[in-house]
Amino acid sequence: MLVAVSQLLVASRWLGVLKFRNLKNCKEYQCLRNQQPVTRNQHLSPTFAAEKQTNGTMSNRTFTMIKPDAFKNGHGGAILDRILQEGYSIKALKMTKLTPEKAGEFYAIHKERPFFGELVSFMCEGPIIAAILEKENAVEDFRKLIGATDPAKAEANTIRKLYAASIGENAVHGSDSDENAKIEGDFMFSMLEQFQ
Ligand code: RTP
Ligand code: MG
């Protein structure tokens, strides 16, 4: 009896040392169960979250997708390679395929535009590669790196100039603000898939 009690005490001490947590109380677990993205700040310590806010915007991260045209034409590897060469580090990465619902939600800002239907069906045509990228001044620099929406107007050596065929099928997406970079990254990646 005494032996059993002492074993129980030892086991409970180890559980304490290992900081076992009840999975159901874990935000990441609840987020995955509910299939809802959780904003990064919900996971930050209060001090760190405050620092991020007082620093103003989180200008060191952007979100990108290598669109179905570039993927289908075999440019995914070259585009990722170029992104790394330009000094971005990858903080989240996945190959996936959008549903019309998800593509429509992602580009909801354009829902009144005449090209919306075409855009949604193009984005669901095949696999995409989604990524969160980090570098100083990431959003603005990445927009320069991809070039103008219409590849015919894009500067030489930009990703769209090199790999895109038309204004509709233009190889890559890049977030247009720090705020949208965070929203889009959280839309595509759970917190468990985003790295520091
Ligand atoms: P993105 O959001 O994909 O990075 O592109 P963007 O900011 O350069 O351009 P945006 O105005 O946000 O348009 C979103 C995407 O819609 C398609 N589009 N088609 N047919 C057209 O006139 C037209 N205009 C835009 C493109 O795929 C564009 O990237
Ligand atoms: Mg845009």
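**Reading the model step by step**

Guide: This is a predicted model. By class, the shell around ligand 1 is made up of 3 nonpolar, 6 polar and 1 charged residues.

Visitor: Which residues surround ligand 1?
Guide: The shell holds His-110, Phe-115, Leu-119, Thr-149, Ile-167, Gly-168, Asn-170, His-173, Gly-174 and Asp-176.

Visitor: Okay, zooming out: how many helices and strands does the chain have?
Guide: You'll find 10 helices and 4 strands. Starting at the N terminus, their order is α-α-α-β-α-α-β-α-α-β-α-α-β-α.

Visitor: Let's pick one residue. Where is Leu-98 found?
Guide: Look in the loop between strand S2 (89–96) and helix H6 (100–106).

Visitor: Is Leu-98 buried or exposed, and why?
Guide: For this you count C-beta atoms around the residue, and 20 or more within 10 Å means buried. Leu-98 has 23 C-beta neighbours inside 10 Å, so it counts as buried. Across the chain's 196 residues, 24% count as buried.

Visitor: What is Leu-98 in contact with, leaving aside neighbours within four places in sequence?
Guide: Its partners, with those neighbours set aside, are Ala-103, Met-123, Cys-124 and Ile-128. Take Met-123: it sits 25 residues from Leu-98 in sequence, yet the C-alpha to C-alpha distance is 6.8 Å.

Visitor: And what share of the chain's contacts with a separation of 6 or more joins residues 24 or more positions apart?
Guide: Among those contacts, that share is 71%.

Definitions and conventions: Residues are numbered from 1 along each chain as its sequence is written. Chains are lettered from A and ligands numbered from 1 in the order in which they are written. This is a predicted model: local features need pLDDT of at least 70, side-chain atom pairs count only at pLDDT 80 or more; totals for chains, interfaces and linings use all residues. A residue is near a molecule or strand if its C-beta atom, placed from the backbone, lies within 6 Å of it. Ala, Val, Leu, Ile, Met, Phe, Trp, Tyr, Cys and Pro count as nonpolar, Asp, Glu, Lys and Arg as charged, and the others, Gly among them, as polar. Helices (H or I, at least four residues) and strands (E, at least two) are DSSP runs, numbered from the N terminus. A residue is buried if 20 or more other C-beta atoms lie within 10 Å of its own, exposed if 12 or fewer, and partly exposed in between; C-beta atoms are placed from the backbone. Two residues are in contact if their C-beta atoms, placed from the backbone, lie within 7 Å.
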